[in-house]
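Student: I am new to this kind of model, and I would like to learn how to read its features one at a time. Could we look at the structure together?

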Amino acid sequence: MAVLTILEQGGTMMYVILAIAVLALGVGVERIISLYLLSFLGARKLSEEVAQRFLAFLGLLGNVATLRGLLGTIFGLILAFSGVSAASAADRQAVLAEGISVAMYTTAFGIVAAVPVLFLHNILVSRSEKILVETEEGATRLMAALGRRLRVVSRDKNDDEQVA
């Protein structure tokens, strides 16, 4: 079955879910590239804001895709039952089947869109936190080294003053 056919059979909610999935894909690719550059090319200036930018938005998109799929289910069922009440006895079965079809397509598409987005979100959050921990550890080591160096310089200065 062609993708456009599936989108059409699922109703207008499918296009909203598709837009959410495409937006999430763009955000995910941007985050992967940014975190790769920060991690492997050595970031000179890293802030928590830079490392975790758009990650909450990515999680939100995954949750919204799921909820839009469920909302499409509700719309499909409303369509099915309202159509049954308005249809003739001969057409009721077809109207009911069409509404249930819309409900199932939007549910499936919402979940299919949301699962990879939420999976990607969790991977990127984990990677972002790892980069932040590594950066903080490096800063702590640098501060400790500077503290030792200042003590040595201070001690040498005191020794020079005592000799003079």
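Student: Which residues form a nonpolar patch on the surface?

Tutor: Bear in mind that this is a predicted model. In soluble globular proteins, nonpolar side chains tend to be buried together. Here, however, Leu25, Val29, Ile33, Tyr36 and Leu37 make up a nonpolar patch at the surface, and together they have about 480 Å² of accessible area. Take Leu37 as one of these: this residue lies in helix α2, which covers residues 12-40, and with a relative accessible area of 41% Leu37 is partly exposed.

Student: How many helices and strands are there in the protein?

Tutor: The protein has 5 helices and 0 strands, and along the sequence the pattern reads α-α-α-α-α. The accessible surface of the protein comes to about 10900 Å², and 67% of that surface belongs to carbon and sulfur atoms. Buried residues account for 26% of the 164 residues.

Student: Which residues in the largest nonpolar core touch the most other members?

Tutor: That core has 18 residues, and those that touch the most other members are Ile17, Ala24, Leu58, Ala65, Phe109 and Leu124. Helices α2, α4 (55-86) and α5 each supply at least two residues of this core, and α2 gives the most, with 7 residues. Phe109 shows how such a residue can be followed through the sequence: leaving aside neighbours within four places, Phe109 is in contact with Leu7, Met14, Ile17 and Leu18. In the protein, of the contacts with a separation of 6 or more, 75% are between residues 24 or more positions apart.

Student: Which residues of α4 are buried?

Tutor: An α-helix has 3.6 residues a turn, so residues three or four places apart point the same way. In α4 the buried residues are Leu55, Leu58, Gly59, Leu61, Gly62, Ala65, Gly69, Gly72, Thr73, Gly76, Ala80 and Gly83.

Student: Where is His121, and what is this residue in contact with beyond its neighbours within four places in sequence?

Tutor: His121 is placed in helix α5, which runs over residues 92-163, and its contacts beyond those neighbours are with Leu55, Leu58 and Gly59. His121 has a relative accessible area of 16%, and therefore counts as buried, since the cut-off for that word is under 20%.

Student: Is Thr107 buried or exposed?

Tutor: Thr107, which is also found in helix α5, has 19% relative accessibility and so counts as buried.

Student: How many salt bridges does a search of the whole structure find?

Tutor: Side chains of opposite charge can pair when their charged atoms come close. The search finds 1 salt bridge in the whole structure, in which the side chains of Glu30 and Arg31 meet at 2.8 Å, N to O. Glu30 is partly exposed at 25% relative accessibility, whereas Arg31 is buried, with a relative accessible area of 0%.

How values were computed:
Residues are numbered from 1 along each chain as its sequence is written. This is a predicted model: local features need pLDDT of at least 70, side-chain atom pairs count only at pLDDT 80 or more; totals for chains, interfaces and linings use all residues. Side-chain values use heavy atoms; hydrogens and water are left out. Buried means under 20% relative accessible area, exposed over 50%, partly exposed in between (1.4 Å probe, protein chains only). Contact means heavy atoms within 4.5 Å. Patches are made of residues with over 30% relative accessible area and no salt bridge: like charges are joined within 9 Å, nonpolar side chains (Val, Leu, Ile, Met, Phe, Trp, Tyr) within 5 Å. Accessible areas come from the Shrake-Rupley method with a 1.4 Å probe; for residues, only the protein chains shown count as cover. A salt bridge is a side-chain nitrogen of Lys or Arg within 4 Å of a carboxyl oxygen of Asp or Glu. A nonpolar core is a set of buried Ala, Val, Leu, Ile, Met, Phe, Trp, Tyr and Cys residues joined through side-chain atoms within 4.5 Å.
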